[in-house]
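Good morning. Please look at the structure on the screen while I go through it.

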Amino acid sequence: MKGDRVEIVVDAGDTTRTYEVVASRAGRRVETAVRRGVVEVSEVTRSGSVVRTARFMATRVLALVEQPVPREDPSEHTVGDDPGVR
């Protein structure tokens, strides 16, 4: 979903670097995969086409933080319930 993001903290020798991959448009999502010692974080469209990919050596990745956008559950609201009205 738009706004989903993944932060990747990587060991860069004497310091750390932080990278961020964000789902920039509606209908896109961010997927992560670990394959053969490589961490891949990709922004993907609804149809499954990869828009962009960030690749990191798994041995250098210190943290991988997925931060999804909070989604509203339609079952929690009743008819006529306006969260802005007290």
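I begin with a term: a salt bridge here is a side-chain nitrogen of Lys or Arg within 4 Å of a carboxyl oxygen of Asp or Glu. The side chains of Glu43 and Arg52 meet that rule, with N and O 2.7 Å apart. One thing to say before going further is that this is a predicted model.

Now the overall layout. The protein has 6 strands and 0 helices, and along the sequence the pattern reads β-β-β-β-β-β. There are 86 residues, and 23% of them count as buried. The accessible surface is about 6500 Å², with 49% of that belonging to carbon and sulfur atoms. If we take the contacts between residues at least 6 apart in sequence, 36% of them join residues at least 24 apart.

Next, how the strands pair. Which way does strand 1 run against strand 2? The two pair in the antiparallel sense, over 7 bridges. The hairpin they form has 4 residues between the strands, and there Gly13 takes a positive phi near 90°. Within this pairing, Glu7 stands opposite Glu20 of strand 2. Strand 1 also pairs with strand 6, residues 61–67, again in the antiparallel sense, over 6 bridges. On that side, Val10 has Val61 in strand 6 as its bridge partner. As a general point, side chains in a regular strand alternate between the two faces of the sheet.

Is Asp4 buried or exposed? Asp4 is buried, because its relative accessible area is 11% and the cut-off for buried is under 20%. Leaving out residues up to four places away in sequence, Asp4 touches Val21, Val22, Ala23, Val30, Gln67, Pro68, Val69 and Arg71.

Back to the charged side chains. In general, side chains of opposite charge can pair when their charged atoms come close. How many salt bridges does the structure hold? The count is 8. I return to Glu43 and Arg52, which meet in one of them. Glu43 is buried, at a relative accessible area of 0%, whereas Arg52 is partly exposed at 41%.

In another salt bridge, Arg35 is joined to Glu40, with the closest N and O atoms 2.9 Å apart. Glu40 has 17% relative accessibility and so counts as buried, since the limit is under 20%. Glu31 and Arg29 form a further salt bridge, also with the closest N and O atoms 2.9 Å apart. Glu31 is partly exposed at 36% relative accessibility, and Arg29 is partly exposed at 30%. Finally, a network of salt bridges links Arg5, Glu7 and Glu20.

My last topic is the aromatic rings. The count comes to 1 aromatic pair. Tyr19 and Phe56 form this pair, with 5.2 Å from centre to centre and 45° between the planes, and the arrangement is tilted. Where in the chain do Tyr19 and Phe56 lie? Tyr19 belongs to strand 2, residues 16–22, and Phe56 to strand 5, residues 50–57. The two are 37 residues apart, and the pair links distant parts of the chain. Tyr19 is partly exposed, with a relative accessible area of 37%, while Phe56 counts as buried at 12%.

That is all I have for today.

Note on methods
Residues are numbered from 1 along each chain as its sequence is written. This is a predicted model: local features need pLDDT of at least 70, side-chain atom pairs count only at pLDDT 80 or more; totals for chains, interfaces and linings use all residues. Side-chain values use heavy atoms; hydrogens and water are left out. Buried means under 20% relative accessible area, exposed over 50%, partly exposed in between (1.4 Å probe, protein chains only). Contact means heavy atoms within 4.5 Å. Accessible areas come from the Shrake-Rupley method with a 1.4 Å probe; for residues, only the protein chains shown count as cover. Rings of Phe, Tyr and Trp (its six-membered ring) pair if their centres lie within 6.5 Å; planes under 30 degrees apart count as stacked, over 60 as edge-to-face and the rest as tilted. Two strands pair if DSSP finds at least two bridges between them.
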